[in-house]
Amino acid sequence: MRVDSSAPYNHARRLLDWYDVNARTLPWRSPPGTPPPDPYRVWLSEIMLQQTTVASVKGYFELFITRWPTVAALAAAEDADVMQAWAGLGYYARARNLLACARSVVADHGGRFPDTEAGLRKLPGIGPYTAAAVAAIAFGAHATVADGNVERVVARLYAVETPMPAAKPTLHALAAELTPTQRCGDYAQAMMDLGATICTPRSPDCPACPVAAGCAALKLQTPTRFPVKAAKVARPTRQGTIYWLRAGDTVLVTQRPPRGLLGGMRALPSDEWATVRPALAPPADATWQLLPGSVRHVFTHFELELVVMAATLNDGRSVALPAGATWVALAEIDRIGLPTVFAKAARHALAHLNTDRVDEKAA
DNA sequence: AAGCCGTGGGC
DNA sequence: TGCCCAAGGCT
């Protein structure tokens, strides 16, 4: 994974040489080798560009800069005006944070953006990426930007096999090694331009890449294999049994263990949910009837197929209840805060025992 | 610390 | 069509 010690220098030099010729011209950018843009412009563009394409941002950026040319002007704007101007760009928390940040810069920093990563990082809406980007691009700080472009470029340069997102710390560390001490802002933008125009996700233009000679993924002839993504694991199906135990017009309700899946929530008596249905004893000695059909529910990491067994006791007091279990009136069952999976099971039971329920209520 | 948050474009 | 993706941050 580690390359020889001269590689970082060569990488940065080749990339900057490429950027000097191929830098994209963008409204918030100054040409390579020229003094950096107004930090306000850099910051505004970086906020807008979060998870948003350059093409989408351009028009909004021009509109904002024209209407609010300085951070002080933006800070003084009406909330509704800014939100309206942002409309259509998406991720509207960014707009709220944009205003909060502008006002903090004016109120707490004398109208000037902090010039360090740490200082920027404290402002609303500025996370690790944006702090590094503003520090490097607007202030020339020796900061390493690590956005999706950089992660992809570095994953390919080093053919990092670790799947995302677990690979992020490794990729960020490698990106930091590659970062030069000079022209940090141009370098940051060069990496992102490379990722956006050459080292693209689906069809990278490797013959045009200035650092192809040092690219491990290209050497493997599989550049698009990187960054490796975690395989989307097919959700396994687990099976379980719910025990619908009636006594008079009440039903037995239990409580989940305090931690883990549905932790601390009310529940219906159940066996464990496993890949193979365990044959556990029902919670009471009674005549159990397997209801037709089943209940399906999808959790984050598995899908559950439940069957429901039902029984009716003449006297609920004859049963030793598990800790936390109580008898709950049938009429209350959908109002006690059952997680959806149990609510489904209850509905299933009630549907199949509808005749009984009606009879009970009539009696 | 996973889930959530908007939208437009490419294939 | 549906899915993936795009200069992430917040909770």
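Reader: Why is the pair Lys168 and Glu151 called a salt bridge?

Author: In this predicted model, the closest N and O atoms of Lys168 and Glu151 are 3.8 Å apart. The cut-off is 4 Å between a side-chain nitrogen of Lys or Arg and a carboxyl oxygen of Asp or Glu. The value 3.8 Å is within 4 Å, so the pair counts as a salt bridge.

Reader: What makes this a link between distant parts of the chain?

Author: Lys168 belongs to helix α10 (residues 168-178). Glu151 belongs to helix α9 (residues 148-157).

Reader: How do you know whether Glu151 is buried or exposed?

Author: Its relative accessibility is 8%. Buried means under 20%, so Glu151 counts as buried.

Reader: And why is Lys168 called partly exposed?

Author: Lys168 has 34% relative accessibility. Partly exposed lies between buried, under 20%, and exposed, over 50%. Therefore Lys168 counts as partly exposed.

Reader: Which residues are joined into one network by salt bridges that share partners?

Author: Asp20, Arg183 and Asp186.

Reader: What makes Arg24 and Asp193 a salt bridge?

Author: Their closest N and O atoms are 2.8 Å apart. That is within 4 Å, so the pair meets the cut-off.

Reader: Why does this pair tie together parts that are apart in sequence?

Author: Arg24 lies in the loop between α1 (7-22) and α2 (39-49), and Asp193 lies in helix α11 (residues 184-197), so the parts tied together are 169 residues apart in sequence.

Reader: Buried or exposed: how do you know for Asp193?

Author: Asp193 has a relative accessible area of 0%. This is under 20%, so Asp193 is buried. Arg24 has 25%, so it is partly exposed.

Reader: Why is the contact of Arg103 with Asp79 called a salt bridge?

Author: The side chains meet at 2.9 Å, N to O. The limit is 4 Å, so the pair qualifies. Arg103 sits in helix α6 (residues 93-108) and Asp79 in helix α5 (residues 79-86), so the pair ties together parts 24 residues apart in sequence.

Reader: What makes both residues partly exposed?

Author: Arg103 has a relative accessible area of 30%. Asp79 has 41%. Both values lie between 20% and 50%, so both residues count as partly exposed.

Reader: How many salt bridges does a search of the whole structure find?

Author: Eight.

Reader: How many helices and strands does chain A have, and what share of its residues counts as buried?

Author: Chain A has 14 helices and seven strands. Of its 363 residues, 45% count as buried.

Conventions:
Residues numbered from 1 in each chain as written. Chains lettered and ligands numbered in written order. Predicted model: local features only at pLDDT ≥ 70, side-chain atom pairs only at ≥ 80, totals over all residues. Heavy atoms only, no water. Helix = DSSP H or I, 4+ residues; strand = E, 2+ residues; numbered from the N terminus. Buried < 20%, exposed > 50% of the residue type's maximum accessible area, 1.4 Å probe, protein only.
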